[in-house]
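Visitor: I have the sequence and the model open. Please show me how to read the features, one at a time.

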Amino acid sequence: MDWEPWLIGFLSKWTAGIAAESAGVNRVRYSPNIVLINVPCCGLISPIHVVDAFLQGADGVYIGGALPPANCHYKVGNFKAFKRFYLLKKLMKQFGIEPERIRLEWFVSPQYRKLAKTIDDFVDEIKKLGPITGGVEE
Amino acid sequence: MLDGIDYSEPRIGVFVCHCGTNIAAVVDVKKVVEEAKKLPGVVHAEDYMYMCSGIGQQLIINAIREKKLNGVVVAACTPSLHYETFARAVESAGLSRQRYKIVSIREYCSWVHFHDRKRATEKAIRIVAAAVAEIRDNKVYEPIRRKVIKKALVIGGGIAGMTAALDLANAGIPVILVEKEPTIGGKMIQLSVTFPTLDCAQCTITPRMAEVGKHPNIKLYTLSEVIDVSGHIGNFHVKIRKKPRMVDPEECRLCGWCANACPVEVINEFTRGLSKRKAIYLPFPQAVPASFVIDEEHCTRCGMCVKVCPVNAINLDEKEEIIEEDVGAIILATGYDLYDGRKLPEYGYGIYKNVIDSLQFEQLIVPSGPTKGRIVRISDGKPAKRVVFIQCAGQRDVNHLPYCSKICCMYVAKEALMFKSKVPDGEAYIFYIDVRTAGKGYEEFYKKVQEIPGVKYIRGRVGKVWEDENGDLIVTGIDTLTGETVKIRADLVVLALGMIPNLDKRLVEKLKISTDEYGFAQEVHPKLKPVETEIGGVYIAGAVQGPKDISESVAQASAAASKALQLLTKDEIEKEPLIAEVDRERCDGCGLCVATCPYSAIKLEDGYARVDEIACEGCGMCVPSCPTGAINLRNMTNKQIHEIIKAVYGVR
């Protein structure tokens with residue numbers, strides 16, 4: 001099978017974004033099968049965007065925000081994201097998409113090793129899940 | 001038409017940097033350029049060895065002019081390094097910086113995917129595609145202007161904080177200096193002499209302390225801590241908690257009768273436990289402010305001191321105060337602490353009295369110290385004839401501090417020298433892993449100490465320190481040069497404990513700055529922006545950023561002051577206008593965004609949501625809350641996020 005997953009990640013530029021930068025500076029390798037987009041806050045990312053990503057062909061969506069409770073640059077963006085994606089994951093099942101295809105990870109900026117490790121884990125997990133079938137067995 | 005540039009149709013240029021081989025060795029740059037040319041809206045794409053160089057920037061400027069570009073995407077290193085560089089180049093060609101984006105294909109791609117060139121190239125193409133999609137819909141907004149409060153806050157009154165405060169104050173900027181202890185002076189005032197010149201530390205620092213104390217532009221708050229910071233660059237609002245001193249520094253005449261009368265004796269932290277002090281005390285004779293202070297925690301409120309004070313300076317009912325100040329810039333200089341020696345039980349610190357840390361040894365050398373400069377065994381006060389120094393006590397050890405503390409090799413050499421000058425027949429043994437003496441005049445100083453008879457450098461680690469029945473310390477270790485076991489009977493063992501940041505987590509959270517994995521404050525870039533933090537208007541100086549000696553701390557403090565001055569000499573600064581915006585056509589006035597905004601920046605007006613452009617921080621948290629999609633973050637709209645995702649998956 002020549003299928004390989006391509007994931008998209010939205011990173012809070014103040015925490016996970018800095019961690020991704022440090023991962024680069026420290027040459028910590030991780031799977032290239034993810035495109036990381038920096039946003040001001042993970043609270044900007046709406047469930048609509050995540051559903052949109054799956055519709056466009058994403059095999060998984062990674063969201064990196066600030067470690068609760070107190071590290072969010074904008075006070076509470078991480079809580080907003082947490083609540084929104086908690087609910088979205090519950091809905092995902094009904095769409096026939098595995099909720100595990102959304103992953104939220106929380107960071108303080110020095111945790112670049114955690115970023116690399118969680119991305120690798122996530123890519124592996126998506127590889128195991130395979131392409132999105134919408135619940136229809138092939 | 002704006003700035004003479006036509007924005008009606010996207011005309012985007014993509015510029016891909018090789019970064020020497022940093023990017024080009026992993027990512028197929030030519031292929032990225034070829035693929036970029038196919039992206040919608042792109043009319044020009046090229047690559048260059050060093051895009052940030054003068055020639056590289058000129059390529060961009062020429063292309064904007066010749067190809068009539070109205071959007072620029074630079075795929076190179078991280079924005080924190082070169083966002084400004086290219087923004088200025090783009091602006092010099094007449095294009096707004098809001099129609100420019102730099103994306104990292106180095107930190108985010110080539111440096112982490114060096115094991116997979118094919119996919120790294122594919123990923124780089126996707127990254128560029130996403131940036132092009134984003135920039136295509138970027139609009140040019142008028143910048144928002146804000147007033148700058150011409151006042152600075154310096155946190156920490158050690159040598160770095162004092163230097164920064166004086167530099168700013170001498171330039172005419174009012175400074176608020178906040179110090180946690182009852183006096184300024186920091187760690188340097190505890191030192192005996194400084195390497196490599198052997199200047200008396202107190203003689204170097206006390207004139208500076210006095211200058212800070214009486215400078216008309218410096219407002220000094222001792223016994224104080226910053227408890228809250230809000231606002232942004234040019235306009236911070238800070239809250240300071242000032243603990244009660246209970247002695248009026250204006251009235252106190254330093255007669256010391258109060259301390260004589262005080263019945264409470266406690267350990268003196270200034271001498272690191274080598275002496276006792278009273279609950280009312282003067283930290284040290286040259287303290288600034290020159291005033292006694294009551295230790296709130298240990299004072300029993302017996303009132304003896306009040307009775308004897310000849311000038312009625314003591315007020316036991318003084319309460320803590322919360323002070324609020326507005327400042328334009330903040331310099332963080334909270335310095336360092338020593339690693340906790342009790343975490344190294346094999347060396348017996350905290351178990352045996354004669355095992356001390358380097359700052360305690362400094363106190364034994366100082367003529368005004370608890371032993372009046374005599375070097376003695378702490379346990380029985382007998383003269384110490386044989387001293388063992390253990391370098392790298394915790395440092396360069398993955399189980400403790402993986403990093404090098406930088407200054408220990410030099411101060412151990414200095415302490416050995418001072419010991420020998422006071423005890424000519426004494427012996428000093430120094431256990432080391434490597435001796436690192438990078439610095440002007442440092443290697444020469446070390447060589448001089450190495451040649452002193454009675455100073456013996458032993459390369460190797462100490463295995464164990466214990467006390468025999470006579471109260472002598474026995475140090476065993478291995479000399480790794482000869483392979484022999486070494487056993488030394490010693491009067492004192494001095495641990496050169498590592499430097500750890502003295503930076504409260506709560507303060508980090510309030511300032512919103514980031515730290516590295518050890519807790520040191522993180523600079524934006526080690527070489528190009530060494531004193532700036534991710535937060536505009538917040539600068540760092542001294543050992544809070546990483547281990548450094550006094551010379552470096554002072555240099556960095558002046559650098560931070562100079563950066564703060566560049567901000568504080570302006571009347572107003574421009575804020576990026578990337579805030580939330582409401583489309584009145586779609587807004588139905590439900591108010592969900594109003595409830596979501598953590599800054600109360602959205603209000604309902606005439607049945608529509610309205611964003612206060614000064615209060616809005618541009619987080620975008622309100623965007624997902626809107627059921628009609630009426631509220632959007634400028635230049636990161638829902639449509640743009642959709643286009644970004646589409647672009648990432650358009651490359652298959």
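Visitor: Which residues of H16(B) are buried?

Guide: A residue is buried if 20 or more other C-beta atoms lie within 10 Å of its own, exposed if 12 or fewer, and partly exposed in between, with C-beta atoms placed from the backbone. In H16(B), the buried residues are B:Asn638, B:Gln640, B:Ile641, B:Glu643, B:Ile644, B:Ile645, B:Ala647, B:Val648 and B:Tyr649. This is a predicted model: local features need pLDDT of at least 70, side-chain atom pairs count only at pLDDT 80 or more, and totals for chains, interfaces and linings use all residues. Residues are numbered from 1 along each chain as its sequence is written, and chains are lettered from A and ligands numbered from 1 in the order in which they are written.

Visitor: What do the buried residues of H16(B) pack against?

Guide: Helices (H or I, at least four residues) and strands (E, at least two) are DSSP runs, numbered from the N terminus. Two residues are in contact if their C-beta atoms, placed from the backbone, lie within 7 Å. In chain A, the partners are strand E1 (7-12), E2 and H2. In chain B, they are H5 and strand E34 (631-633).

Visitor: How far does H16(B) reach from its first C-alpha to its last?

Guide: The expected span of a helix is 1.5 Å times one less than its number of residues. H16(B) has 13 residues and reaches 18 Å, close to the 18 Å expected.

Visitor: At what angle do H5 and H16 of chain B pack?

Guide: Axes are lines fitted to C-alpha atoms, for helices over the stretch in contact, and angles run from 0 to 180 degrees between N-to-C directions. H5 (residues 117-136) and H16 (residues 638-650) of chain B pack at about 150°, with axes 8 Å apart. H5(B) and H16(B) are therefore roughly antiparallel (under 35 degrees is roughly parallel, over 145 roughly antiparallel, 65 to 115 roughly perpendicular, the rest oblique). Their crossing is right-handed. A crossing is left-handed if the near helix is turned anticlockwise from the far one by less than a right angle, and right-handed if clockwise.

Visitor: How do the residues of the contact of H5(B) with H16(B) divide?

Guide: Ala, Val, Leu, Ile, Met, Phe, Trp, Tyr, Cys and Pro count as nonpolar, Asp, Glu, Lys and Arg as charged, and the others, Gly among them, as polar. This contact has seven nonpolar, two polar and five charged residues.

Visitor: At what angle do H6 and H14 of chain B pack?

Guide: H6 (residues 159-170) and H14 (residues 550-568) of chain B pack at about 35°, with axes 8 Å apart. H6(B) passes H14(B) in a right-handed crossing. The residues of this contact divide into 11 nonpolar, four polar and one charged.

Visitor: How many residues of chain A are in contact with chain B?

Guide: The size of an interface is often given as the accessible area lost when the parts come together. Here, residues are counted: 42 of chain A are in contact with 42 of chain B. H1(A) gives the most to the chain A side, with six residues. By class, that side has 24 nonpolar, 11 polar and seven charged residues.

Visitor: Is B:Thr204 buried or partly exposed?

Guide: B:Thr204 counts as partly exposed, because it has 17 C-beta neighbours inside 10 Å. B:Thr204 is found in helix H7 (residues 201-214) of chain B. Leaving aside neighbours within four places in sequence, B:Thr204 is in contact with B:Thr194 and B:Asp199.
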